[in-house]
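Take a moment with the sequence and the fold before reading on.

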Amino acid sequence: MNLTENSVRVTGELHHLKGEVTRGSRIGNYIGFSIRQERLLGDGSTRKDFILARAFDLPLQEQLRTFAEGSRLRVEGEIRSSLGSGEIYLLARKIEPLSD
């Protein structure tokens, strides 16, 4: 019985798409990218977060290559950790462009 839920949905701007660089891992080849988010904090300063993500699915990789740096996106998937480094990333399952 699996009692674990591991789903996530984030929105933000496409940042550092590594579309020309396909990397390999134990579960296959992927394209790495990040989703940039900005939040206004209570003290008036801005916090910038960069959520690391990976796209393993070939149609998703092709879709990613159509987006320009800074495109607003919604990415759905699950949180994983790399088997080698333990780095936490969002395993992308669905990507949608958002209108401004």
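This is a predicted model: local features need pLDDT of at least 70, side-chain atom pairs count only at pLDDT 80 or more; totals for chains, interfaces and linings use all residues.

**From one contact to the whole fold**

The side chains of Glu-78 and Arg-93 are joined by a polar contact of 3.4 Å. Glu-78 belongs to strand β5. Is Glu-78 buried or exposed? Its relative accessible area is 17%. Glu-78 is therefore buried, as that value falls under 20%. Arg-93 is one of its contacts beyond four places in sequence; the others are Asn-6, Val-8, Tyr-89, Leu-90 and Leu-91.

Now step back to the overall layout. The protein has 6 strands and 1 helix. Read from the N terminus, the order is β-β-β-β-α-β-β. Of the 100 residues in the protein, 30% are buried. Take the contacts with a separation of 6 or more: 52% of them come from residues 24 or more positions apart. The accessible surface is about 6,600 Å². Carbon and sulfur atoms account for 46% of that surface.

Return to β5 and look at its partner. How do β5 and β6 pair? They run in the antiparallel sense, over 9 bridges. Val-75 has Ile-95 of β6 as its bridge partner. The hairpin of β5 and β6 has 6 residues between the strands. Within this hairpin, Gly-86 adopts a positive phi near 80°.

Ser-81 also sits in β5. With a relative accessible area of 39%, Ser-81 is partly exposed, because that value lies between the 20% and 50% limits. Setting aside residues up to four places away, Ser-81 touches Gly-86, Glu-87, Ile-88 and Tyr-89. Ser-81 and Leu-91 are 10 residues apart in sequence. Their C-alpha atoms lie 9.3 Å apart in space.

β6 has a second pairing, this one with β4. These two strands pair in the parallel sense over 2 bridges. Here Arg-54 stands opposite Leu-91 in β6. Arg-54 is buried at 8% relative accessibility.

Arg-54 is in strand β4 and Glu-87 in the loop between β5 and β6, so the pair ties together parts that are 33 residues apart in sequence. Glu-87 is partly exposed, with a relative accessible area of 35%.

Other charged pairs deserve a look. Side chains of opposite charge can pair when their charged atoms come close. How many salt bridges does the structure hold? There are 10. One of them links Glu-38 and Arg-36, with the closest N and O atoms 2.7 Å apart. Glu-38 is partly exposed, at 47% relative accessible area. Another brings together the side chains of Lys-94 and Glu-96, at 3.8 Å from N to O. Lys-94 is partly exposed at 41%. Glu-96 counts as partly exposed at 26%. Salt bridges with shared partners also join Glu-13, Arg-36 and Glu-38 into one network.

How many residues make up the largest nonpolar core? It has 15. Those with the most contacts inside it are Phe-33, Leu-64, Leu-73, Val-75, Ala-92 and Ile-95. Several elements give two or more residues to this core: the strands β1 (8-15), β3 (28-40), β4 (46-55), β5 (72-81) and β6 (88-97), together with α1 (58-65).

Which residues does Leu-73 contact, leaving aside neighbours within four places in sequence? They are Val-10, Thr-11, Gly-12, Leu-14, Ile-35, Phe-67, Ile-95, Glu-96, Pro-97 and Leu-98.

Finish in β3, with Ser-34. Why does Ser-34 count as buried? Its relative accessibility is 4%, and the limit is 20%.

Key
Residues are numbered from 1 along each chain as its sequence is written. Side-chain values use heavy atoms; hydrogens and water are left out. A nonpolar core is a set of buried Ala, Val, Leu, Ile, Met, Phe, Trp, Tyr and Cys residues joined through side-chain atoms within 4.5 Å. Buried means under 20% relative accessible area, exposed over 50%, partly exposed in between (1.4 Å probe, protein chains only). Helices (H or I, at least four residues) and strands (E, at least two) are DSSP runs, numbered from the N terminus. Contact means heavy atoms within 4.5 Å. Two strands pair if DSSP finds at least two bridges between them. A polar contact is a pair of N or O atoms within 3.5 Å; within protein, one must be able to donate a hydrogen and the other to accept it, and residues adjacent in sequence count only if both atoms are side-chain atoms. Accessible areas come from the Shrake-Rupley method with a 1.4 Å probe; for residues, only the protein chains shown count as cover. A salt bridge is a side-chain nitrogen of Lys or Arg within 4 Å of a carboxyl oxygen of Asp or Glu.
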